[in-house]
Amino acid sequence: MAAVPTRNGEAGAVLRAALMDGRLRSAVLPAAALPAALLPATVLLSALLLGCGDERGLQVRLDVPEGAAPAQVCLTAHGAGELVFARSWPADEARGGTLTFVAGDRVDRRLRLSARLRRGGRRVADATAEESFAPAAERVVDLELARCHPRSAPPPEIVVGAVSGAERLAAGDLDGDGVDEVVASGPDGATVLGGEVLSSEPLRVSGLADLDGDCLPEVFGVSASGVVALPTGTLSARGEHVVVGDAGQGLGVGAGDADGLRWGLVDGVMRGLTGSPVRGLAIGDLNGDGVDDLLAVGEAGVSAFFGGPAGPTAAVGTAPTAWTGQSVALGDFDDDGALDAAVGGDGLVRVGRNRGDGLLEGRPTLDAPGVRALRAIDADGDCADDLVVLGEGEATLWLGAEDAALREGGALPGVLDAVAADLDGDGSRELVLLGADGEVRTWVP
Ligand SMILES: [Ca+2]
Ligand SMILES: [Ca+2]
Ligand SMILES: [Ca+2]
Ligand SMILES: [Ca+2]
């Protein structure tokens with residue numbers, strides 16, 4: 001069989017081998033009843049085979065950003081309302097790879113493709129596209145994975161739904177169709193808006209991460225029985241503030257509360273990082289080595305732990321020593337590729353611009369009466385993260401700007417929580433707000 005077209009031979013060849021699995025059949029099969037791990041049988045990899053008949057296909061090229069990272073690329077495909085393909089590769093193997101999907105009886109018109117770059121189970125870059133099959137793979141889809149896709153049109157006005165009593169939002173593509181789902185949680189449990197009830201026990205959802213590697217993220221959060229992952233089960237961690245990531249030894253969980261901060265591999269033994277009380281916790285790659293780092297805040301100040309071969313270890317001097325607070329968010333407020341930090345508490349938000357090596361340089365402090373939580377979200381679609389400051393019954397938007405000097409972007413009255421979600425599948429994420437009445441809708445400036 002002739003070579004599959006690739007943009008850099010080695011990586012593409014590995015990708016092809018990983019995909020073939022000895023099964024070459026030119027139909028996209030129905031897959032509703034199949035677990036995701038079995039789905040690769042639906043892909044045919046040779047563009048030349050397509051040329052032999054009158055089959056229609058869709059060539060997909062993966063453009064994966066370079067990075068020091070241990071990261072995974074997940075590709076999912078939806079057609080005729082079904083998930084027909086889900087597969088992941090190490091980022092280095094996927095880079096420059098090409099796949100060809102072939103139309104079959106059940107999926108014969110269009111495919112919706114989503115590629116996600118995941119680090120520590122979390123989405124750090126993505127790309128989506130929807131295309132029709134064409135004769136002999138004339139149609140080539142370039143999936144260019146990027147941290148952010150600038151908004152090309154005004155965001156859609158969407159009422160996602162309403163969940164009374166909800167206190168918190170999370171979002172991610174739970175079913176791999178390229179459109180994000182929004183999860184609302186609180187004392188009455190956790191619900192996917194427009195979808196299923198995930199839990200009817202009190203639950204505070206902390207976030208989404210692909211914990212079992214099937215390319216579909218799990219929802220994780222804190223319930224009375226400890227840290228839970230839905231739909232898979234209970235994790236061994238306990239704590240009030242929970243994050244998931246890879247701090248150098250594989251997928252792990254960080255948990256903080258009044259007893260301090262602990263870290264351990266998912267369902268492994270948790271070890272203490274500090275006994276100092278934690279009131280806010282965030283995870284992300286602060287020093288740019290591709291390994292997740294932790295930033296914890298409490299009365300004793302801000303502590304950073306950089307990931308490495310031995311897991312997270314204390315990184316002294318990362319944040320200004322005078323900083324204290326009860327909430328923290330990481331976002332790239334100046335769009336320079338390095339995660340910056342915001343720490344809220346005592347009516348203020350302190351902003352630190354990341355020099356690139358993890359060291360946070362203080363920027364002008366924001367007035368934030370009653371600040372209780374922070375969310376870093378690109379609200380205006382310019383790819384610089386903005387900051388939603390959640391107060392008592394209201395929120396304020398601060399816009400990301402050059403040098404991470406945030407500027408005021410307006411009040412968001414009656415807002416309990418905010419999350420970023422791509423609700424129309426155009427690749428760029430909208431700001432989604434939870435109102436005091438439980439209504440969840442996009443915010444359009
Ligand atoms: Ca979805
Ligand atoms: Ca790092
Ligand atoms: Ca930055
Ligand atoms: Ca922005």
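Biologist: What is the strand order in the open sheet of four strands, and which sense of pairing does this sheet have?

Modeller: In this predicted model, the four strands of the open sheet follow the order S18-S19-S20-S21, and their pairing is antiparallel.

Biologist: What makes strand S18 and strand S21 edge strands?

Modeller: Strand S18 (241-246) and strand S21 (271-274) each have a single partner strand, so one side of each is left without a neighbour in the sheet, and both therefore stand at the edges. Neighbouring strands of this sheet are turned against each other by 25° on average, with direction ignored.

Biologist: How do you know that S20 and S21 pair?

Modeller: Pairing requires at least two bridges between two strands, and strand S20 (residues 260-265) has three bridges with S21, in the antiparallel sense, so the two strands count as a pair. Within these strands, Leu261 stands opposite Thr274 of S21.

Biologist: Why is strand S35 called mostly covered?

Modeller: A residue is buried if 20 or more other C-beta atoms lie within 10 Å of its own, and in strand S35 (residues 430-435) five of the six residues are buried.

Biologist: Which strands are joined to S35 by bridges?

Modeller: Strand S34 (residues 415-421) is joined to S35 by six bridges and runs antiparallel to S35, with Leu434 in S35 as the bridge partner of Asp417. Strand S36 (residues 439-442) is joined to S35 by three bridges, again in an antiparallel arrangement, and here Thr442 in S36 is the bridge partner of Val432. The hairpin of S35 and S36 has three residues between the strands, and Gly438 takes a positive phi near 90° in this hairpin.

Biologist: Why is Ala80 called partly exposed?

Modeller: The class lies between the limit for exposed residues, 12 or fewer neighbours, and the limit for buried residues, 20 or more; Ala80 has 15 C-beta neighbours inside 10 Å and therefore counts as partly exposed. Ala80 lies in the loop between strand S2 (72-79) and strand S3 (82-90), and has a positive phi of about 50° although it is not a glycine.

Biologist: Is Asp335 buried or exposed?

Modeller: With 20 other C-beta atoms within 10 Å, Asp335 is buried, since the cut-off is 20 or more. Asp335 is in the loop between strand S26 (327-331) and strand S27 (340-345), and its phi, near 55°, is a positive value in a residue other than glycine.

Key: Residues are numbered from 1 along each chain as its sequence is written. Chains are lettered from A and ligands numbered from 1 in the order in which they are written. This is a predicted model: local features need pLDDT of at least 70, side-chain atom pairs count only at pLDDT 80 or more; totals for chains, interfaces and linings use all residues. Helices (H or I, at least four residues) and strands (E, at least two) are DSSP runs, numbered from the N terminus. Axes are lines fitted to C-alpha atoms, for helices over the stretch in contact, and angles run from 0 to 180 degrees between N-to-C directions.
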